[in-house]
Amino acid sequence: METTSKTTITIESTVHAPVEESLETMDRPEHIIKWNNASEDWHTLSAENDLRVARKFSSRMEAKDGSFGFDFWGIYDTVKTNELIEYTIGDGRKVVVHFTGKGDQTKVVTNFEAEGTNPIEMQKGGWQAILDNFKKYVEAN
């Protein structure tokens, strides 16, 4: 019997905004395209999102110089309003996002299964940079 061990990576941030506001910004495509990038030389050209169980989300992410791009998509497995989102990415990896609201602050903790191509630290850094951009965008708007 063969078993495969999956590495789970955790990132987190505390957003200075109520959980309802934080989740709305994470949910709506017109906001997603403004914060969903890991660095200044990347952007999200389009986003679609239907935050309900068994529904799909997708984003088109590209380098601003046009040298590379990809579609990031998945299906929602669990949605508990203002608490938890679980989804499966198009390549089969699982992601769990916990929201803990306390007044005007929201702690966001994301656990995701690593892919096997890029180093763990690179994956963690990229996902953390996106979460940091989300925090900056929410707090500025």
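Reader: Which residues of α1 meet Phe-134, Tyr-137 and Val-138 in α3?

Author: On the α1 side they are Glu-21, Ser-22, Thr-25 and Met-26, where contact means heavy atoms within 4.5 Å. This is a predicted model, in which local features need pLDDT of at least 70, side-chain atom pairs count only at pLDDT 80 or more, and totals for chains, interfaces and linings use all residues. Helices (H or I, at least four residues) and strands (E, at least two) are DSSP runs, numbered from the N terminus.

Reader: At what angle do the axes of α1 and α3 cross?

Author: Two packed helices are described by the angle between their axes and the distance between the axes. Here the axes of α1 and α3 cross at roughly 120° and come within 10 Å, the axes being lines fitted to C-alpha atoms, for helices over the stretch in contact, with angles running from 0 to 180 degrees between N-to-C directions. Phe-134, one of the α3 residues in this meeting, touches Ser-22, Thr-25 and Met-26, as well as Val-15, Trp-35 and Val-108, leaving aside residues up to four places away in sequence.

Reader: Which residues of α1 are buried?

Author: Buried means under 20% relative accessible area, exposed over 50%, and partly exposed in between, with a 1.4 Å probe and protein chains only. In α1, Val-19, Ser-22, Leu-23, Thr-25 and Met-26 are buried. They cover an arc of only 160° around the axis, so they are on the same side of α1; the arc is that of the directions from the helix axis to the C-beta atoms.

Reader: In what order do the strands of the sheet stand?

Author: Strands of a sheet pair through backbone hydrogen bonds, either parallel or antiparallel. In this model 7 strands form an open sheet with antiparallel pairing, in the order β1-β7-β6-β5-β4-β3-β2, and two strands count as paired if DSSP finds at least two bridges between them. Because β1 (8–15) and β2 (42–49) stand at the edges with a single partner strand each, one side of each is left without a neighbour in the sheet. From one strand to the next, the twist averages 20°.

Reader: Which residues lie in the turns of the hairpins?

Author: The hairpin of β5 and β6 has 4 residues between its strands, and Gly-92 in the turn has a positive phi of about 95°. These strands pair over 5 bridges, with Ile-85 opposite Val-97 in β6. The hairpin of β6 and β7 has 2 residues between its strands, and Gly-103 in that turn has a positive phi of about 65°; here the pairing runs over 8 bridges.

Reader: Which strands do the helices lie across?

Author: Helix α1 (residues 19–27) lies across β1, β2, β5 (84–89), β6 (94–102) and β7 (105–113), at about 150° to β6. Helix α3 (residues 120–140) lies across β1, β3, β4, β5, β6 and β7, at about 20° to β1.

Reader: Is Glu-48 buried or exposed?

Author: Glu-48, which lies in strand β2, is exposed, with a relative accessible area of 57%. Not counting residues up to four places away in sequence, Glu-48 touches Pro-29, Phe-57 and Ser-58.

Definitions and conventions. Residues numbered from 1 in each chain as written. Heavy atoms only, no water.
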